[in-house]
Amino acid sequence: MAILEVNNLEKIYTTRFGGSSVQALRNVSFSVEAGEYVAIMGESGSGKTTLLNILAALDRPTRGKVLLEGRDITSISEKELSAFRRNNLGFVFQDFNLLDTFNLMDNILLPLVLSGKKYHEMNQRLKPLASMLGISELLYKYPYEVSGGQKQRAAVARALITHPKLILADEPTGALDSRSSDDLLQMFGRINQSGQTILMVTHSVKAASHAGRVLFIADGSVFHQMYRGNSTNEEMFQKISDTLTSMATGGGLHG
Amino acid sequence: MAKLYPGMAFTNIKSNRKTYIPYMLSCSLTIALFYIIGSLGSNEGLSKMWGGDMLSSYMSLGQAVTAIFAVIFLFYINSFLIKRRKSEFGLYNILGMEKKHICRVIFLETVFTFLITMAFGLFLGIMLDKLLYLVISRILAAKIPLGFYISTSSILQSLMLFGGIFLLMFLNSMRHIYRSKPVDLLKSRSAGEKEPKAKWILAAIGLLCLAAGYYIAVTTTNPVAAVALFFIAVVLVIIGTYLLFTAGSIALLKILKKNKGYYYKTKHFVSISSMMYRMKKNAVGLANICILSTMVLVIISTTLALFLGVDDSLKQRYPSEYDITCKAEENDAFDKSVQTLHDSAKSEGLTLINELSYRDFSFSAIYEKSKDFFVTDPGLYSNLSAMQKYNQLVTFVVVPLEDYNKAMGKNETLGENEVLVYSSRQELPVDTINVFDLSLHVKKTLTGFMPNGNTAAKISSGHFVVVKDLSVIDKMKKGQDEALGKDAERFGSWLEINYMADVAGNAETQKDQILAAYHKTWDQIYETNENAGDQGFNGILECRSSEVDSFRGVFSGLFFIGVFLGILFLMATVLIMYYKQITEGYEDKQRFMILQNVGMSHHEVKQTIRSQILTVFFLPLITAGIHIGFAFPFLYRIMTLMNLFNLRLFTFCSIGCFLAFALFYGITYWLTSKLYYGIVKK
């Protein structure tokens, strides 16, 4: 069953007085099945951030629909939106977005506190998650006291603790060194294997090569998509590189 | 190249106008206030007026306070501005400007600011000066001299003081620039900060200091003791405020945070942790605001009450228009003076009314509970501290029954060892007054008493005692002479005779005649006639109307100083609040964006911001209100020393000032918080 369906999405930015307009997304359609691990790739300016913002309900499309388990998130009222996002979506950002006034534990618990959960319940959810992500020892540290990789793991824990239907990750490895990136990607793999649906936006080939399916976006529309099949990560990496090369050389004709 | 720097300096000021305009405005206002106060102090027209001398000396005191305040305040604001601009300087540095070039730009900026604020400040000062001069002249009911008065000496003083302050500020900016590296300059605002530690001991000390200060304020019942302890109480409260704002607030938040059930609630979670950081950064600023606000309130409410109650005070100090007092044994001289006053009044066409004459004898004592005895011998209570003495000392004013009945038109009778008592402040704690070797039973407590100018009886707990006849007073005097020993003469242990009289009709309109009669009497009775071996009159002659001007001069002078300092402190409060909101805004922007990203709704974010900002900004006001509440009885006691016994007036002034201040504070908050939301939302 498709957990996420994106139908004919279009986004046009107009300047304030309607002078000129830029089409950031045109006719984007795809769907994500439950338990899938999808990467969206594209150059800077290709429209992938716009797409992610719309999927995250941070921005609204000019036309088209986004259905999460059959519910159109573009029509949710402003009032319900925050609660909806909190309960259904988990976010991992490039620059972690941890609050420096909270220690890691409080950062992770933040969404649960906002949902009004009991402390006892929060603690029960936190423990297994922290040990799975290997940050049990760091819970009482503050963001400025730990490394980038550790910060990102805390951010992942914060995204997972609400048991979201979908994890949206925006360049999760963008601010990490290669070792931490590898760790994080392996962790994403394990999380996905446990049944969690993940949608990741990236322009790192390596990051995308861990996904089960890769969507390529260029000039605001889906250009190509590629399934892993039985390929290893290395083979995936090669295939993605090839696709990107062909996009860079001949892709201009397409959009 | 040479032209580049002035241009840069100018554009810098322009592009930082959000922070520079308030800064320059407050500089100008400070300069204007300093000029005015100096100009009024050196204004010859003013010192020629009655009471003007007093006013001038108050003005120079006020000028000194303004100067000290200006140095601290402007310096504080300037280092705030420089710190905010550090990354800008870092950028210049990286773009290839050397530090000395940056300093040159800063120098030019300082010069521009100085010139602009000086010109504007002096202009404003000269304008307002004339206005205030007119107002003061009107209050002192003097003829208003025409002409425009510009005080060159005050201009010079302003130039020197503020030139010095600006130089100091420039040196401070240079220190900031030279001491930092370009990389530090660039990222000086983005370093992560540690969570503050709870300093339990400091918080406890703060609590103790505040409690001690409040305790002194509430328990010191004697005005003289209150004056002596006022400074100590103020220092204790200031220390307490600072410690509680800095250490106490964080300790409290830590306690709340430890309570998991409370902390992990949507409403408290974000607020507690951000408040902790907010308090870490702002506690000192908030304590400053709190103390400044308290000062504004104390100064304005007391001086306003004194100013409005000047006629009251005058009547307290001089219950009648004329009064003559001397030793009862110099009966002849007394009668002669009274007769002289009568004649003089008559010759000026005045009619004396409410004439009244009685004898009294006064002494002080401390009540010793264990022995149920009033101790009069200072030697016996010298082991008490000065404060305890002041606090427990009561004054007895003893009047013979005969005089009381005559003066009040009553027909009371007293048996042996029976007395009537009237208490001015506190009830007499006993039914029987045991003093010297007498045991006097209180037959009745009186509800009214004849006018009496005895200040001591009003300040400390005074008891007016009517005794059967002079023989009782003789016994008391004997006892008192023994107790005082050879100091008896010096401390005025004798029976006095008082004469009091008012003038029929309006005192204001007959002021000249009243004064003429007073001077005539004065000249006659104090005249020394050496041939006749006459030393002149030994007693005291007083006239209320002759004191009106000096009373008004003193109190309006105090009021003006009060308003001046009030404006100054108020300006400081507003400015500190303004800058606080701006800094907070920039710091919170990122934080609230993250909160929105992880699923806090716009509405919730706004609510959290509001509750935090409200707490932070109204904490000082509320604390100031509590301070004032505790200081109120204390201040009132001190005011009684200035003959202000009008509790209702003072209450009204205090509450009125607080409400006006709260309103002003609220408006300031409202305006600055709009600014804050603007920054956070962007």
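Predicted model: local features only at pLDDT ≥ 70, side-chain atom pairs only at ≥ 80, totals over all residues.
**View 1. The largest nonpolar core, with members from chains A and B.** This core counts 190 residues, and those touching the most other members are A:Ala39, A:Ala157, A:Leu168, A:Leu199, B:Leu297 and B:Leu306.

**View 2. Zooming in on A:Leu199.** Leaving aside residues up to four places away in sequence, A:Leu199 touches A:Val32, A:Val38 and A:Leu55, plus A:Leu166, A:Ile167 and A:Leu168.

**View 3. Where chain B meets chain A.** Here 19 residues of chain B are in contact with 24 of chain A. On the chain B side, helix 11 (260–263), helix 12 and helix 20 (544–597) each give two or more residues. The largest share, five residues, is down to helix 12 of chain B. Sorted by class, that side has eight polar, six nonpolar and five charged residues.

**View 4. Helix 18 of chain B, its buried side and its exposed side.** This helix runs over residues 470–484 and spans 20 Å from first C-alpha to last, close to the expected 21 Å. B:Val472, B:Ile473, B:Met476, B:Gln480 and B:Ala483 are buried. Viewed down the helix 18 axis, the buried residues sit within an arc of 95°, so they line one face. Strands 2 (352–368), 4 (393–400) and 8 (461–467) of chain B are among what covers them. Turned away from that buried side are the exposed B:Ser471, B:Asp474, B:Lys478 and B:Glu482. Just past the helix, B:Gly485 adopts a positive phi of about 65°.

Methods. Residues numbered from 1 in each chain as written. Chains lettered and ligands numbered in written order. Core = buried A, V, L, I, M, F, W, Y, C linked by C-beta atoms within 7 Å. Buried ≥ 20, exposed ≤ 12 C-beta atoms within 10 Å, placed from the backbone. Contact = placed C-beta atoms within 7 Å. Helix = DSSP H or I, 4+ residues; strand = E, 2+ residues; numbered from the N terminus. Nonpolar A, V, L, I, M, F, W, Y, C, P; charged D, E, K, R; others polar. Expected span 1.5 Å × (residues − 1). Arc of directions from axis to C-beta.
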